[in-house]
Amino acid sequence: MADSDFNELESPLRELREQIAKIEAYARAHNLPEPKELAALRKKAVENEKQIYSRLTPWDRTLIARHASRPYSLDIIRAICEEFVELHGDRESADDGAIVVGLGRFDGRRVAIIAQQKGRDVKERKLRNFGMAKPEGYRKAMRMMDLAERFQLPILSLVDTPAADPGVEAEQRGISWAIAESMRKMFGLSVPIVALVLGEGGSGGAIAIACANKVLMLQNAIYSVIPPEGCAAILWRDPARRAEASTALRLTAEDALSLELIEEIIPEPIGAAHTHPTEVIASAKESLTKALVELETLTPDQLRSQRLQRFEALGVFEKV
């Protein structure tokens, strides 16, 4: 459903690109100079792209955040780390592919990395459970938190999940406890923590690894307590009202910044991250470096206090 909706969003642009590609291929195959109308078509494609991406709705941004070609956590890790060694298993029951943890070297410093990873093809999506972590995934994340605390390593947390695993087995194995325990542990850590929302920041599944000193967000990512389809189904008994729900949820990066849920929006070029991954990853690296440098000036007690105060200040309270 999301793919077809996204195709509808970009259909005018896609048709133009296909037409341009056919003309280019024909000219190359027959050793012909490029036709004059090709320049006009390219200009029109650029104008269409600008028009599409200048009037995105919250639902459009939701579709972009879910785009299968968007940079995933492992794409970011491999691009920004000079070294990365992945660790597996929660040392209790299993290894959850939805959560990736490891030790890396980032901008010359040693770091601990916790990330959520989706899958692009059927095989990887099954392995990664579409980025929806089970209790053992959050226990694996907590194992990395303990290592970071023991060796005083800053933590980079990459968030990209629709939600935690909603299945009966995950509930039976204590998914709610695992999320709450992960949050509790993060608040007690004495090392700098920077979180980056790459695509979907969904519900407790996201916040379980995002209780950070600074939270950054890509421009077309979303951050929400529930997916728009679920919200529409609960409020109106009609999942088709997902676009209306996405507006009501205030899930865009701009909304998150205005509500002080995040500290920075990392801009994406026209065409979004899935068409300009290298540029977006470079911007993300710069912002992550800046955030870590700022936090490294704080003492362990200041880091814990700042993190707790940051989250205690969220929301609006009214005494009745």
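Student: How do the residues of the lining of the largest cavity divide into nonpolar, polar and charged?
Tutor: They divide into five nonpolar, four polar and two charged residues, where Ala, Val, Leu, Ile, Met, Phe, Trp, Tyr, Cys and Pro count as nonpolar, Asp, Glu, Lys and Arg as charged, and the others, Gly among them, as polar. Keep in mind that this is a predicted model, in which local features need pLDDT of at least 70 and side-chain atom pairs count only at pLDDT 80 or more, while totals for chains, interfaces and linings use all residues. Residues are numbered from 1 along each chain as its sequence is written, and side-chain values use heavy atoms, with hydrogens and water left out.

Student: And what volume does the largest cavity have?
Tutor: Its volume is about 50 Å³, taken as the space filled by probe spheres set on grid points that are joined across faces, edges and corners. A cavity here is a set of points on a 1 Å grid over the protein atoms alone where a 1.4 Å probe fits but cannot get out, and lining residues have an atom within 4 Å of a point. The structure holds one cavity of 30 Å³ or more.

Student: Which element gives the largest share of that lining?
Tutor: That is β5, with three residues; strands are DSSP runs of E, at least two residues long, and helices are runs of H or I, at least four, numbered from the N terminus. The lining includes Glu200, Gly201 and Gly202.

Student: New topic: how many aromatic pairs are there?
Tutor: The count is one aromatic pair, under a rule that rings of Phe, Tyr and Trp (its six-membered ring) pair if their centres lie within 6.5 Å, with planes under 30 degrees apart stacked, over 60 edge-to-face and the rest tilted. The centres of the Phe187 and Phe311 rings are 5.3 Å apart and their planes are at 85°, so this pair is edge-to-face. Because Phe187 lies in helix α8 and Phe311 in helix α14, the pair ties together parts that are 124 residues apart in sequence.

Student: Is Phe311 buried or exposed?
Tutor: Phe311 is buried, at a relative accessible area of 17%, whereas Phe187, at 22%, counts as partly exposed; buried means under 20%, exposed over 50% and partly exposed in between, using a 1.4 Å probe and protein chains only.

Student: What lies over the face of Phe311?
Tutor: Arg310 does, at 4.9 Å from the ring centre, and a charge counts as over a ring if NZ of Lys or CZ of Arg is within 6 Å of the ring centre and within 35 degrees of the ring normal.

Methods:
On a 1 Å grid over the protein atoms alone, a cavity is a set of points where a 1.4 Å probe fits but cannot get out, and a pocket is an open set with protein on both sides within 12 Å along at least five of seven lines; lining residues have an atom within 4 Å of a point.
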